[in-house]
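Welcome! Take a moment to look over the sequence and the structure, and then we can walk through some of the charged side chains together.

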Amino acid sequence: MTGDHYFTAEPATAARPREVDFSVAGRDYTLTSSSGVFSADRLDPGTAVLLRKAELPAGDATGPLLDIGCGFGPITCVLASTAPAATVWAVDVNQRARELTATNAARVGAAERVRVVPPDGVPDDISFAQIWSNPPIHVGKAELHGLLLRWLPRLAPDGVAWLVVARHLGGDSLHSWLVEQGWQVARHASQKGYRVLRVTR
């Protein structure tokens, strides 16, 4: 057992690359993953529900789009592939995750449109047409709330955020908290114990 978590900035665990295969909206993806990142061995079930049930951007969407906590990049790569005119910002504190996301963006032919950065690397003047996240629940409620309070205000006036949270990890209480913060929140879908939340101003 190591002290590493997927939200560790620089994992000490030796990198052990592996490939993860999945399909979204009729397209097959093969992405590179590694030890030391979130859901290293497979597409996380929550992420799978999010990508299956949320409304993917239209093919002519230009963004910019944001993936919070990108991990090895499955959401980023799906967004970039689905919206080939959009710029996608992929944010993660984990350096190895960022490197993998950049690699995988190149694998899907989107390297020129994907900006992979640490949280402080997003320019302050950018607002996002869409924000997507399978947020890091295990960082704790205070950290999670801080993360959402940091990024959700970056939504464009007519923007939409898509979040997935396991019900048993507080999906319903997070829904209530977001409403208390003044956001419009709809439970867009539920599947396999996960809530897909659609958040707007």
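What follows is a short tour of salt bridges and the places they link.

This is a predicted model, in which local features need pLDDT of at least 70, side-chain atom pairs count only at pLDDT 80 or more, and totals for chains, interfaces and linings use all residues. Residues are numbered from 1 along each chain as its sequence is written, and side-chain values use heavy atoms, leaving out hydrogens and water.

Side chains of opposite charge can pair when their charged atoms come close. Here a salt bridge means a side-chain nitrogen of Lys or Arg within 4 Å of a carboxyl oxygen of Asp or Glu, and by this rule there are 5 salt bridges.

Let us begin with E19 and R107, whose closest N and O atoms are 3.2 Å apart. This pair links distant parts of the chain, 88 residues apart: E19 sits in strand β1 (residues 18-24) and R107 in helix α3 (residues 95-107). Helices (H or I, at least four residues) and strands (E, at least two) are DSSP runs, numbered from the N terminus.

Now turn to D172, which forms a salt bridge with R187 (3.3 Å, N to O). D172 belongs to helix α5 (residues 171-180) and R187 to strand β8 (residues 184-191), so the pair ties together parts 15 residues apart in sequence. D172 also meets R195 in a salt bridge (2.9 Å, N to O). R195 lies in strand β9 (residues 194-200), so this pair ties together parts that are 23 residues apart in sequence. Through shared partners, salt bridges join D172, R187 and R195 into one network.
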